[in-house]
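Please open the structure in a viewer and keep the selection panel at hand. The stops below are arranged so that each selection leads to the next.

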Amino acid sequence: MQPIEQFYPFLQQPFKAVITAHQKPDGDAMGSSLALYHFLIQLGHDVTVVSPTNWAPFLDWMPGTDKVVDFEGNRAKATELVQAADYVFCLDFNILHRTKNMESVIRDAKAIKILVDHHQQPDTPSFGYGISDVKMSSTCEMIYDIIVQSGHSNLINLDIATALYTGLMTDTGSFRFPSTTASVHKIVAHLKEIGLQHAKIHEHIYDQSSEGRLKFMGNAFLNRMHVFPEYKTAVMAIPKTDIYKFELKTGDTEGLVNYLLSIHGIKFAAIVIDREEERKWSFRSKGNFDVNIFARTHFEGGGHANAAGGSSKKSVDETFQDFKNILETYKSQLTQLN
Ligand code: 5GP
Ligand code: MN
């Protein structure tokens, strides 16, 4: 993989490109994709954002989402776009299987793949150019840097600012995680100068719950939460029946795992959700407990040191039991956390 700077000269020549991100794109995946889209179209390129799957309805307000092609919803069109592209920009993921059923389409495409990502252990041989930096708060921060470093900060308009802020905000837990550096705040200051309406964005993302979602959360705290103070761990196991009963939609469980870390003394939080095709785990931690390694070692996953995900093909009860058994082996490490 060549450094991203080597790609900058090609920004001057017209090209066809697809921008994609990980499946079930979150605020950072969608924000970085749309920011890059609104940047590249100003340079005259022929660009389409293709998402591997659908996304949470609370992202639908973002400028440009109406033009995003959902691969699962329109495979023929999405495949045609990828096959015709000169470049495929891969944002907020670093290994092609994170695009789920789109993996082979991207792998087999003639396009040069360009990586912009902040997760651990990138599969760099899959990409022609790129940048991978785990110290970055978000992929949106990296897209901002690319626009500025390539000499185009004058092109940052309100659409770009809005998209970038969404990812900066969601990936930093509203500017509270340790990844929130001075650079992050400087970027936000710049975006504010352009006219960014930050309060509206918080409302769009965080104040869209259905009544069912709040009832689901109430039920989850009351009946699905297990706290193990001796391991400084809290975990939730959500059966499919809850998903149906409370009529949950994509994205409705996002953020739930973070509440577990708000319990006094809890340093490691986990949630497993019974999805159609697999049991999906989310892991969060405070301090030195590396959930990226935990997810990789035990649940075929990965992510960041303090936020990672994984999966299991077993039933919810079985994978939850596995988790408890595994937890036992981490007892001394977990009790030493402060
Ligand atoms: P979440 O728990 O919010 O789904 O994911 C937390 C972080 O871990 C995100 O940065 C996400 O991209 C990453 N992640 C989630 N699931 C997986 C997975 O199965 N594999 C890998 N490599 N990363 C994941
Ligand atoms: Mn991200």
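**A tour by selection**

Begin with Glu-278, a residue that is buried, its relative accessible area being 15%. The model is predicted, and every value quoted on this tour is computed from it.

**Stop 1: from Glu-278 to Lys-313**

Is Lys-313 buried or exposed? Lys-313 counts as exposed, at 65% relative accessibility, whereas Glu-278 is buried.

**Stop 2**

Next, select Lys-240 and Asp-274. These two residues form a salt bridge whose closest N and O atoms are 3.9 Å apart. The bridge links distant parts of the chain, since Lys-240 is in helix 9 (residues 240–245) and Asp-274 is in strand 10 (residues 268–274), 34 residues apart. Lys-240 counts as partly exposed at 22% relative accessibility; Asp-274, at 15%, counts as buried because the limit for that class is under 20%.

**Stop 2: Glu-72 and Arg-75**

Move to Glu-72 and Arg-75, whose side chains meet in a salt bridge of 2.9 Å, N to O. Glu-72 is partly exposed, with a relative accessible area of 30%. Arg-75 is also partly exposed, at 40%. How many salt bridges does the count give? The count comes to 11 salt bridges.

**Stop 3**

Turn now to the rings; the structure holds 28 aromatic pairs. Select Trp-281 and Phe-323, which form a stacked pair with 5.0 Å from centre to centre and 20 degrees between the planes. Trp-281 lies in strand 11 and Phe-323 in helix 12, so this pair ties together parts that are 42 residues apart in sequence. Both Trp-281 and Phe-323 are buried.

Because Phe-294 lies in helix 11 (residues 291–298) and Phe-323 in helix 12, the pair ties together parts that are 29 residues apart in sequence. Phe-294 is buried, as is Phe-323.

**Stop 4: Lys-331 over Tyr-231**

Select Tyr-231 together with Lys-331. The charged end of Lys-331 sits over the ring of Tyr-231, at 5.4 Å from the ring centre.

**Stop 5: the manganese ion**

Finish at ligand 2, the manganese ion. Which residues coordinate the manganese ion (ligand 2)? The donors are Asp-28 (OD), Asp-92 (OD), His-118 (NE2) and Asp-171 (OD), at 2.2 to 2.4 Å. Along the chain, these donors follow the spacing D-x63-D-x25-H-x52-D. Asp-28 in helix 1 (residues 27–42) and Asp-171 in helix 5 (residues 158–171) form a pair that links distant parts of the chain, 143 residues apart. Asp-28 and Asp-171 are both buried.

Conventions
Residues are numbered from 1 along each chain as its sequence is written. Chains are lettered from A and ligands numbered from 1 in the order in which they are written. This is a predicted model: local features need pLDDT of at least 70, side-chain atom pairs count only at pLDDT 80 or more; totals for chains, interfaces and linings use all residues. Side-chain values use heavy atoms; hydrogens and water are left out. A salt bridge is a side-chain nitrogen of Lys or Arg within 4 Å of a carboxyl oxygen of Asp or Glu. Buried means under 20% relative accessible area, exposed over 50%, partly exposed in between (1.4 Å probe, protein chains only). Helices (H or I, at least four residues) and strands (E, at least two) are DSSP runs, numbered from the N terminus. Rings of Phe, Tyr and Trp (its six-membered ring) pair if their centres lie within 6.5 Å; planes under 30 degrees apart count as stacked, over 60 as edge-to-face and the rest as tilted. A charge sits over a ring if NZ of Lys or CZ of Arg is within 6 Å of the ring centre and within 35 degrees of the ring normal. Donors are N, O and S atoms within 2.8 Å of the metal (3.2 Å for Na, K and Ca); water is not among the atoms, so sites may look incomplete.
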